[in-house]
Amino acid sequence: MKIVRIETFMVPPRWLFCRIETDDGTVGWGEPVVEGRAEVVRAAVDVLAEYLIGQDPLRIQDHWQVLSKGGFYRDGPVLGSAVAGIDQALWDIAGKTYDAPVHALLGGPVRDRVRVYAWVGGDEPAELADAIAEQVEAGFTAVKMNASGIVSPIATSAEVDAVVQRAAAAREALGPGRDFAVDCHGRFTPATARRVLPELAPFRPLFVEEPVLPEHHPALASLTALSAVPLATGERIYGRAGFLPVLQSGIAVVQPDLSHAGGISEVTRIASLADTFGALLAPHCPLGPIALAASLQVGFATPNLLIQEQSRGIHYNKDADLLSYVLDTEPFRFVDGHAVRNQLPGLGVTVDEHAVRAADRIGHSWRNPVWRHDDGSLAEW
Ligand SMILES: [Mg+2]
């Protein structure tokens, strides 16, 4: 079997899909994207495709090595994401070739369902209670929200209070039996994180995500020592080597993105590395159905999985949502807040190719907002 065609599709709301076809007509799908830089990743996929055309798609490990390490200059979000989407598509082809779900090829299932969480925004404590009630009604047992909007370099007393009020409102709305996670989105300086984390501890969040920016990861060791709040990070880390120091800092949860961190091949290695530290896997996935399907396949086969993110109804999903490009929505029907394992071959996602080709003709130009402080200087988004 040989790879004969590799195509990419830029589809709303902000995604890039990759379709790999073989000479026997097998098709695999992947989702290689960096949010806000989809065109750049598309160009990277085109460059990597030069090597793959004519190759045996089943040599996934070897292709991963060549695509990730065969170039003298390597790593980073663009290449990591291009490789990730191609890797997902190759695993999809492998599963379809062997008529097995990817989790079976990864060693078989270790669980029958994967707990997923829902996004609840969190800009106003009053709205938060309503948003949480809606998700609890829909069966979810865990939600995630933003910690804050723009935060001063050293958070003011009012800004700290606003973060704490959100956590209090979430705990009150959820009761003791359900979970909430807080995403700081790298908006805090280390000084602000030190100020805020101890105040969140009484509300027992499941985890607090990206308390500081990746470039400030050396501060994580002091933060894990300071507070009992489980810390999570990793959506902006692109391979094993980047996860090692944060694990050594004592974080509780690693959050590689299946579409950024080298795909199924590398995320399973990251999960194993995390396991040696007693840390848990919670893949980042505010993306589309192929990235989620790939994440779930890893989740079904990974012992130290904590929970899975998913994007249904997330604020980014304007003009299209998680189910807009799939023919069979059943794999994405959550039961009691869980995705249920099935035996569909490959990634288990049935892409609506007609809808994808039509959406690609519209395309998108999604960019994240640029925020500024009151004094006009750049703020973290
Ligand atoms: Mg995040």
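This is a predicted model: local features need pLDDT of at least 70, side-chain atom pairs count only at pLDDT 80 or more; totals for chains, interfaces and linings use all residues.
What pLDDT does the protein chain average, and what share of the residues score at least 70?

## Confidence

The protein chain averages a pLDDT of 97, and 100% of the residues score at least 70. Among the elements of the chain, strand β10 (residues 280–281) has the highest mean pLDDT, at 99, while helix α5 has the lowest, at 91.

## The magnesium site

Let's turn to the metal. Three residues supply the protein donors of the magnesium ion: Asp183 through OD, Glu209 through OE and Glu235 through OE. These donors lie 1.9 to 2.3 Å from the ion. Along the chain, the donors follow the spacing D-x25-E-x25-E. Asp183 sits in strand β6 (residues 179–183), whereas Glu235 belongs to the loop between β8 (231–233) and α9 (240–248), so this pair ties together parts that are 52 residues apart in sequence.

## Charges

By the salt-bridge rule used here, the count comes to 19 salt bridges. One of them joins the side chains of Glu21 and Arg5, with an N to O distance of 3.2 Å. Because Glu21 lies in strand β2 and Arg5 in strand β1, the pair ties together parts that are 16 residues apart in sequence.

There is also a negative surface patch, formed by Asp123, Glu124, Glu127, Asp130 and Glu134. Of these residues, Glu127 has its place in helix α5, which covers residues 125–137.

## Backbone details

Two spots in the backbone are worth a look if you plan to check torsions. Most peptide bonds are trans, and most residues other than glycine have a negative phi. The peptide bond from Pro12 to Pro13, however, is cis, with omega near 10 degrees. Pro13 is found in the loop between β1 (3–11) and β2 (15–22).

The other spot is Asp75, which has a positive phi of about 75 degrees although it is not a glycine. Asp75 is placed in the loop between α2 (60–69) and α3 (76–98).

Note on methods. Residues are numbered from 1 along each chain as its sequence is written. Side-chain values use heavy atoms; hydrogens and water are left out. Patches are made of residues with over 30% relative accessible area and no salt bridge: like charges are joined within 9 Å, nonpolar side chains (Val, Leu, Ile, Met, Phe, Trp, Tyr) within 5 Å. Accessible areas come from the Shrake-Rupley method with a 1.4 Å probe; for residues, only the protein chains shown count as cover. A salt bridge is a side-chain nitrogen of Lys or Arg within 4 Å of a carboxyl oxygen of Asp or Glu. Lys and Arg count as positive and Asp and Glu as negative; His and the chain ends are not counted. The place of a charge is taken as NZ of Lys, CZ of Arg, CG of Asp or CD of Glu. Helices (H or I, at least four residues) and strands (E, at least two) are DSSP runs, numbered from the N terminus. pLDDT is the predictor's confidence in each residue, from 0 to 100. Donors are N, O and S atoms within 2.8 Å of the metal (3.2 Å for Na, K and Ca); water is not among the atoms, so sites may look incomplete.
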